[in-house]
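Thanks for coming. I will go through one model today, strands to begin with and then the metal site.

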Amino acid sequence: MKPSIKVIGVPDDINSSFMRGSKNAPPLIREALYSDSSNLFSESGLDLYQNGIWEDLGDIEFSGEVAVENFKKIKTSIKDVLATGQKLVALGGDHSISWPILDAHLDIWNTLDILHIDAHPDLYDNLLDNKLSHASPFARIMETGRANRLVQVGIRTLNKHQREQAEKFGVEIYQMRNIEGLSAISFSKPVYCSIDVDALDPAYAPGVSHFEPGGLSTRQLIDCINGFKGRLIGADIVEYNPKRDFHNLTAMVAAKLLKEVIARIYHDNR
Ligand code: MN
Ligand code: MN
């Protein structure tokens with residue numbers, strides 16, 4: 001059986017507003033995944049050593065640092081994979097990459113429900129005069145009108161502008177200050193899950209560019225990924241910044257999330 005879930009690295013961090021470094025994440029997440037300190041079983045018991053479940057496609061290679069060009073390359077690369085009926089998990093890179101990745105998914109699926117787990121709503125119309133900022137991907141997606149729902153979890157940085165944007169786009173937000181009810185989240189359309197590692201409290205995941213205290217525990221995040229009702233068809237794990245990490249702790253967290261996401265996609269699409 002040919003593996004139907006592909007993992008692809010997207011080493012692009014040129015749209016980061018505060019600190020670069022997340023482009024170095026994909027190889028370190030792979031290294032953590034294969035670390036002898038753990039194994040390749042998901043919590044559900046799926047054996048990811050087995051052939052036929054998933055395959056690593058390596059990293060997208062960029063020729064330069066022009067955002068528009070890189071986004072074109074990301075969208076084309078992702079769409080080529082999806083067009084053959086395969087599912088995809090992308091490893092960032094900063095969160096700006098979710099816009100071309102989701103744009104490709106929406107071309108294939110027509111509509112989607114989006115579960116976005118993050119400290120930040122990433123709904124800026126633009127930030128620092130950059131419409132492609134890592135603080136703006138979900139504004140770009142919602143403007144297209146193609147997403148059925150955007151549900152955000154872990155948010156704790158809402159300002160006036162982003163509150164207005166959320167209202168305008170009908171975003172459903174589970175803020176950290178009132179996080180109950182995650183297990184009741186239920187989707188009717190195919191679900192794409194975008195995971196910004198800074199959704200976690202920096203105590204659990206120090207390897208991020210934006211420390212935002214008061215976040216999710218790793219346990220809460222895993223339960224969120226595995227707990228919603230619906231069919232997961234794709235995901236990204238972004239914003240791991242090795243420059244800020246201690247003892248590869250955050251790389252291990254990202255690798256754990258990768259295992260859980262692959263397993264959920266596998267179980268949901270058999
Ligand atoms: Mn983000
Ligand atoms: Mn964030």
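**Strand pairing and the manganese site**

Strands β1 and β3 run parallel and are joined by 6 bridges; two strands count as paired if DSSP finds at least two bridges between them. In this pairing K6 sits opposite L88 of β3. Helices (H or I, at least four residues) and strands (E, at least two) are DSSP runs, numbered from the N terminus.

Before going on, the conventions. This is a predicted model, where local features need pLDDT of at least 70, side-chain atom pairs count only at pLDDT 80 or more, and totals for chains, interfaces and linings use all residues. Residues are numbered from 1 along each chain as its sequence is written, chains are lettered from A and ligands numbered from 1 in the order in which they are written, and side-chain values use heavy atoms, with hydrogens and water left out.

Back to β1, residues 5-10: 6 of its 6 residues are buried, meaning under 20% relative accessible area with a 1.4 Å probe, protein chains only. I5, V7 and G9 point one way, and K6, I8 and V10 the other.

Now the metal. Donors are N, O and S atoms within 2.8 Å of the metal (3.2 Å for Na, K and Ca); water is not among the atoms, so sites may look incomplete. H95 lies in the loop between β3 (87-92) and α3 (98-109), and D122 in the loop between β4 (112-117) and α4 (137-143), so the pair ties together parts 27 residues apart in sequence. Both H95 and D122 are buried. D118 bridges ligand 1 and a manganese ion (ligand 2), and the two ions lie 3.3 Å apart.

Note on methods. Buried < 20%, exposed > 50% of the residue type's maximum accessible area, 1.4 Å probe, protein only.
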